[in-house]
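Reader: Could you walk me through the terms used for this model, and show how each value meets its definition?
Author: Gladly, here is the structure to look at together.

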Amino acid sequence: MQAIFWTGEEVAQRAKQFYENGIRQQVECDDNLGKMIVIDAETGEYGIDKTGVETALKLKQKKPNARLFTMRIGYDVAVSFGGASERTVK
């Protein structure tokens, strides 16, 4: 199988497209707000957990060369240093 080379920006763009085109409606609920979602930018497969670490490990176990992108559900940023992160969902 030939490797596909993507920049970090391409991985982010593809993962965000998957998120906006279907995943968001399934996961943005009160129970998931603030949790981390990890998305395989090639397949759209995803998982959710508190830190994203467990999900990333599971996805990498299935597909070692997976291109993963992590987001905080309901927020504009995953982490914030010295400032407040703003919610995108009310």
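Reader: What makes the charged end of R67 count as sitting over the ring of W6?
Author: A charge sits over a ring if NZ of Lys or CZ of Arg is within 6 Å of the ring centre and within 35 degrees of the ring normal. The charged end of R67 is 5.3 Å from the centre of the W6 ring. Before we go on: this is a predicted model, where local features need pLDDT of at least 70 and side-chain atom pairs count only at pLDDT 80 or more, while totals for chains, interfaces and linings use all residues. Residues are numbered from 1 along each chain as its sequence is written, and side-chain values use heavy atoms, with hydrogens and water left out.

Reader: Why is T55 called buried?
Author: Buried means under 20% relative accessible area, exposed over 50% and partly exposed in between, with a 1.4 Å probe and protein chains only. T55 has 8%, so T55 is buried. T55 lies in helix 2, residues 53-62; helices (H or I, at least four residues) and strands (E, at least two) are DSSP runs, numbered from the N terminus. Beyond neighbours within four places in sequence, T55 is in contact (heavy atoms within 4.5 Å) with V38, G47, I48 and D49.

Reader: And why is D30 called exposed?
Author: D30 has a relative accessible area of 69%, so D30 is exposed. D30 lies in the loop between helix 1 and strand 1.

Reader: What makes the largest nonpolar core a core?
Author: A nonpolar core is a set of buried Ala, Val, Leu, Ile, Met, Phe, Trp, Tyr and Cys residues joined through side-chain atoms within 4.5 Å. Twelve residues make up this one, including V11, Y19, I37, F69 and M71. Helix 1 (8-27), strand 1 (36-40) and strand 3 (68-72) each supply at least two, and helix 1 gives the largest share, six residues.

Reader: How do you know that helix 1 has a kink?
Author: The bend at a residue is the angle between axes fitted to the seven residues ending there and the seven starting there. In helix 1 there is a kink of about 55 degrees, centred on E20. Helix 1 spans only 24 Å between its end C-alpha atoms, whereas a straight helix of 20 residues would span 28 Å.

Conventions
Expected span 1.5 Å × (residues − 1).
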